[in-house]
Amino acid sequence: MSSDLNLLFEDSHDKTTGMSTTSYPRFEDCPEFLAEEQLVQYEDQGYLAFENALTPEEVKAANADISQIIRKYAFNDKLAEWNLGDDLGTNYSGACFKKKGEDCGFWLEAGYEPKPEDLDELELNVRKLMWFQNETPTFIHLTQRHLKLQGVIRFILGTEPVHYQTMGLIKPPFVGSKKPWHQDNAYFSIEDLNKVCGVWVALDDATAENGCMHVIPGGHKLGPLRHHHTYDCEIMPDRIDPAQAVPIELKAGGALFFSSMLPHETPPNRSSQRRRAVQFHYRSADNKLIPKEKYYSIFKESDGTPATCAYALQKNF
Ligand SMILES: O=C(O)CCC(=O)C(=O)O
């Protein structure tokens, strides 16, 4: 790897989980175009991490807009519908607020009871937002017109990216729950598993302590891995070796571009610092959406058994 690409190597230590502390590479600056070596690294490792994908102003605007979206729909009976959740102790079984007639919405940590008179506290307990890409000019820009984010994705997919999914992923201080090991393709329904790519953008400094992304380098080559449902949908424990995982710590504004076949997870937030991030997925224009039953014959293990979250839910395992 040539030095003019400003490749950073750092040691990172997870004191509690005992996970690998292997040093991992990330680049100092996110470009609009990838160098050949970077593309080779993406193909080999299944991911690329860059600092400075967003400017501090863009980070500030994105965080302000997340707050604005939450406050716009929370307990607003003109604009939103909500239910106060089942409190099953599973991820995303907490209260949920959704824009009327649309998919845009957000979920609170399971077990938290929101109160209309305390929106500050409510905001601090938001765990996930979805489908807010058209809610504000900042998110229209970030998901569809950002020179660096869409530039790198275009390079990875080798074609014009088509927006596929939007998420805001927030880990409240101390309680931010774990997202277990999974491959994003286990949730999707597309024809070509290799023509989908995600970008996870840190909106606060993301560390091993507050729940940064962890990936298994090269794990995208393992093929589809069986998922089952525990407190969330996750890869069966015997399919991967978490000791191979590396933490991808990033400063606010840093971005992780990763294959939708790459096993990844985020640990709980054990710190007093909130960890906010957004995650956008793109597919290539020729990668068609297909019905989930048809997808069972694509996202399957070598014995032919479907490996998706939908299949696991249907079969109840
Ligand atoms: O917790 C995070 O930030 C990542 C979550 C994630 O990978 C996902 O929801 O697909």
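A: Happy to. Domain bounds here come from an automatic or database domain assignment. On that basis the protein is divided into domain 1 (24–54 + 146–164 + 176–317) and domain 2 (55–144). This is a predicted model, where local features need pLDDT of at least 70, side-chain atom pairs count only at pLDDT 80 or more, and totals for chains, interfaces and linings use all residues. Residues are numbered from 1 along each chain as its sequence is written, and side-chain values use heavy atoms, with hydrogens and water left out.

Q: Thanks! What separates the centres of domain 1 and domain 2, in Å?
A: Taken over C-alpha atoms, the two centres are 22 Å apart.

Q: And how many residues are in contact there?
A: Counting contact as heavy atoms within 4.5 Å, 24 residues of domain 1 touch 23 residues of domain 2.

Q: What area is buried between domain 1 and domain 2?
A: About 1800 Å², with carbon and sulfur atoms giving 55% of it. Buried area is the accessible area (1.4 Å probe) that two parts lose on being put together, summed over both. In domain 1, Leu 54, His 146 and Leu 203 lose the most area to domain 2, together 29% of what that side buries.

Q: How many salt bridges are there across the interface?
A: The rule finds 1 between domain 1 and domain 2, a salt bridge being a side-chain nitrogen of Lys or Arg within 4 Å of a carboxyl oxygen of Asp or Glu.

Q: Which elements of domain 1 touch domain 2?
A: α5 (147–157), β8 (161–171), β9 (179–182) and β17 (275–284) each supply at least two residues of that side. The largest share, 4 residues, comes from β17. Helices (H or I, at least four residues) and strands (E, at least two) are DSSP runs, numbered from the N terminus.

Q: Switching topic, which residues surround the ligand?
A: Among them are Met 167, Trp 200, His 264, Thr 266, Arg 275 and Gln 279, where near means a heavy atom within 4 Å.

Q: Which side chains have polar atoms by its oxygens?
A: Thr 266 has a polar side-chain atom 2.8 Å from a ligand oxygen. For Arg 275, a side-chain N or O atom is 2.8 Å from a ligand oxygen, and for Gln 279 that distance is 3.2 Å.

Q: Last one: where is Phe 75?
A: Phe 75 is in the loop between α2 (56–73) and β4 (80–83). Its phi is near 55 degrees, a positive value in a residue other than glycine.

Definitions and conventions: Polar contact = N/O pair within 3.5 Å; in protein donor to acceptor, adjacent residues only side chain to side chain.
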